[in-house]
Amino acid sequence: MGDERTEPGTGRGGEPGPESGPAPAPPEPDIRTGAPDIRTGAPDVRTGAPDVRTGAPDVRTGAPDASAGGPEPRTALTPTSPATPTSPATPTSPATPTAPATPTRLQRLAGVWRRPALRWPKRIVSALVLVLLLPPLAAGIALRVNYAGDPGDGTYTRNRDALWMGHAWVDGRKKDADVRALAARLRTTGIRDLYVHAGPLEHDGTLPASAYPKARLLVGAIHRELPGVRVQAWLGDELATEGPVGLHLERAATRAAVVRSAGQVLDAGFDGAHFDLEPLHSGDADYLSLLDDLRRVTRAHGALLSVAAHQIDPLPSLHSVGAAVTGHPKWWSQAFFGQVARRVDQIAVMSYDTALPLQSLYGGYVAEQTSLALEVTPETTDLLMGMPFYYEDNMDHHGSAETVAAAVRGVRLGLSRTDRTRENFGVAAYVDFAAREKDWTEYERGWVR
């Protein structure tokens, strides 16, 4: 999800040789005058006059050759129309031997591949291909199967849903009319918590009060328009876990500053503090320590502590593979997820940006994530499953696949199979300023009813 940095108005073979053939043919009669060839005595092509040297007969009358001494029996040709001059025939060149075809690159490779000496290398390559292709294929089939079936009865909103909201609500850009329109939108939904962006935190953990000047006014207006709806300060920052720049959780002074920042927003009137720190690696003990310190502050204020959580390993220890291969362990282990869930009042899974290309695969993935999270989240902690209230099309998020409808169906399937009667459960929509009417409709039809 990130630190709400996309909201408008928010800072932070060869050429052939010459042709070969016979010697040039003797010159043909002039096709305009019919004059005989002075070397061969060819007859006039218009009059058929005999060759002046050989006495060849007239080609039209069959007259005898004057120099041969007698007539030669022939049948005279009686033309029905004057002879039409024709172009002389082009002599036929003797056949040129055809060069053998040059093997194509594919043919050469096939020849190499068939060599007996490559028997074992070929087997190794084939095995590697199977190793690389079979797991994704098996995973795709499993996700599709996970999306099959019908959700159980009663798997609808528990009126514990949430909405991530942009910074414009606390910096003065939103007005009273916007609050009234928001209230009209939310009254018929199950949304009870609003995570309003009030950060980001500075890299040293501090938070300038100038970042949320209209917070108290917003909270008061929401409480008037939507009694029972809670407004939490959404605080986040980039962690220095995969680079030198960012917030260093390993530093005690930084963690202490984050705790003070939480107390600061609670003093400003917020009903809770919601943290989104990324990229947060599975097993981070400093993060768990920070949550323990934050919990003491929120309890002292009678407020909520909630967090945005990474997705859970679809396969055991998959986050370790990601860390080794890419340096970015996308997932948390299920055990670490449970450790976090036990330290907070609410935990919202960022179950989007999965790179899956089909709705059925994405919905099956959300169903699995829902089941994994339910298994380790205490009954007393609100578990919320994230939904994409936005449309993008990139390597991480295919908008045609990651739809609200698929997310809702996946959530209901996971809830049905794992803990159908769980009360402290809901969905969380990311994010208000990018939501389309279609997203709201799919949420209300599929989940609110």
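How many bridges join strand β6 to strand β7? Four bridges join β6 (residues 346-349) to β7 (residues 382-388), and the two strands run parallel. Strands pair if DSSP finds at least two bridges between them. Welcome to this predicted model, where local features need pLDDT of at least 70, side-chain atom pairs count only at pLDDT 80 or more, and totals for chains, interfaces and linings use all residues.

**Confidence**
- The average pLDDT (the predictor's confidence in each residue, from 0 to 100) is 82, and 69% of the residues score at least 70.
- Over residues 11-92 the pLDDT is below 50.
- Where pLDDT is low, the predicted coordinates should not be read in detail.

**The barrel**
- Eight strands close into a barrel with parallel pairing, in the order β1-β2-β3-β4-β5-β6-β7-β8. Helices (H or I, at least four residues) and strands (E, at least two) are DSSP runs, numbered from the N terminus.
- From one strand to the next, the twist averages 25°. Angles run from 0 to 180 degrees between N-to-C directions, with axes fitted as lines to C-alpha atoms, for helices over the stretch in contact.
- Val-349 stands opposite Met-385 in β7.
- Helix α8 lies across β5, β6 and β7, at about 145° to β6.

**Helix α6**
- The 16 residues of α6 (residues 285-300) should span 22 Å at 1.5 Å a residue, and the end C-alpha atoms are 23 Å apart, which agrees. The expected span is 1.5 Å times one less than the number of residues.
- Just after α6, Gly-302 takes a positive phi of about 65°.

**Loops to look at**
- A cis peptide bond, with omega about 5°, joins Gly-199 and Pro-200; Pro-200 sits in the loop between β2 (191-197) and α4 (215-225).
- Another cis peptide bond joins Glu-278 and Pro-279, with omega about -10°; Pro-279 lies in the loop between β4 and α6.
- Asp-353 has a positive phi of about 55° although it is not a glycine. Asp-353 lies in the loop between β6 and α9 (359-376) and is partly exposed at 23% relative accessibility.

How values were computed. Residues numbered from 1 in each chain as written. Heavy atoms only, no water. Contact = heavy atoms within 4.5 Å. Buried < 20%, exposed > 50% of the residue type's maximum accessible area, 1.4 Å probe, protein only.
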